[in-house]
Amino acid sequence: MDDHPVLLAGHDLVKHFGPLQVLFGVDVQVRRGEALGIVGPNGAGKTTLFGVLAGTLPASAGSVHFEGRDIGALDAAQRCRAGIARTHQVPRPFLGMSVLDNVLVAAQHGAGRRGGAALALARGALEKSGLAPLATRPAATLGLLDRKRLELARALATQPRVLLLDEIGGGLTEAELLQLVALVAQLRRDGLTLVWIEHVLHALLKVIDRLVCMDAGSVLAEGEPHAVMADPRVVAAYLGGAAA
Ligand SMILES: Nc1ncnc2c1ncn2[C@@H]1O[C@H](COP(=O)(O)OP(=O)(O)O)[C@@H](O)[C@H]1O
Ligand SMILES: [Mg+2]
């Protein structure tokens, strides 16, 4: 099982919110060890796709496989334990808790660790995210870059096999963004499989191997990142989005 070349796959995924259809039969494959980028105009369904893959949103139709196994029946907590972690577009720390305690909760609930093992996992995640010096700070006092780092640390503390990053670069200054890109690139070099939704293309292109472009709930194009960005359908989707 462990050598299955496709780690995470969604097949023919459909999602409705009541009468509103948001995903129209999306196929996506994440290969073991790769960094896959996802771009697309606002409202394309990118975050919804993450929700369906991670189990926070039930798919209306279609299937999700992880390491070759159909995980459609697993809820978000079970998928997290299996190794699927995500960050959220808007960071959601427990503001009243310290940075370390936030990450500890993730290690306990997401990785199922207790006591010293949870603490070691949390401290490791803080190191990887560059937050170790701020471990005792209340999360509420963090600036935006450090909140993004905390979001990353909480995901890492669940010991993911695949990490889904949802616009983690949004709202940062250029200098901050470069620091975040360096962190993500290091995770990539450490062998973590990544899927990264990001509007800031130049950041994405520093890390990813392959790119998927979504528009209006479908995959428009996928493949080598520069070729995808040059695809006339992708260019048209972006021009359409810019006018909106
Ligand atoms: N929980 C929800 N209930 C109803 N509509 C939603 C919900 N989540 C997202 N949508 C709608 O689904 C569409 C796709 O949203 P989203 O997946 O967030 O797109 P993206 O991340 O690509 O910007 C949008 O039209 C959005 O308003
Ligand atoms: Mg989104």
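1. Strand E3 pairs with strand E8 (residues 193-197) in the parallel sense, over four bridges. Two strands count as paired if DSSP finds at least two bridges between them. Helices (H or I, at least four residues) and strands (E, at least two) are DSSP runs, numbered from the N terminus. In this pairing Ile-38 stands opposite Ile-197 of E8.

2. The model is predicted: local features need pLDDT of at least 70 and side-chain atom pairs count only at pLDDT 80 or more, while totals for chains, interfaces and linings use all residues. Residues are numbered from 1 along each chain as its sequence is written, and chains are lettered from A and ligands numbered from 1 in the order in which they are written.

3. E3 is also joined by four bridges to strand E9 (residues 210-215), and the two run parallel. Here Gly-37 stands opposite Leu-211 of E9.

4. Five of the five residues of E3 (residues 35-39) are buried, so the strand is largely enclosed by the rest of the structure. Buried means that 20 or more other C-beta atoms lie within 10 Å of the residue's own, exposed that 12 or fewer do, and partly exposed in between, with C-beta atoms placed from the backbone. Ala-35, Gly-37 and Val-39 point one way from E3, Leu-36 and Ile-38 the other way, and all are buried.

5. Helix H5 (residues 144-156) has 13 residues, which at 1.5 Å a residue should span 18 Å; its end C-alpha atoms are 18 Å apart, which agrees. The expected span is 1.5 Å times one less than the number of residues. Of the 13 residues, 10 are buried, so H5 is largely enclosed by the rest of the structure. Its cover includes strands E6 (84-86) and E7 (162-166) and helices H3 (99-111), H4 (115-129) and H6 (174-189).

6. Cys-80 lies in helix H2 (residues 76-82). This residue is buried because 24 other C-beta atoms lie within 10 Å. Leaving aside neighbours within four places in sequence, Cys-80 is in contact (C-beta atoms, placed from the backbone, within 7 Å) with Ala-85, Gly-110 and Thr-158.

Notes: Contact = placed C-beta atoms within 7 Å.
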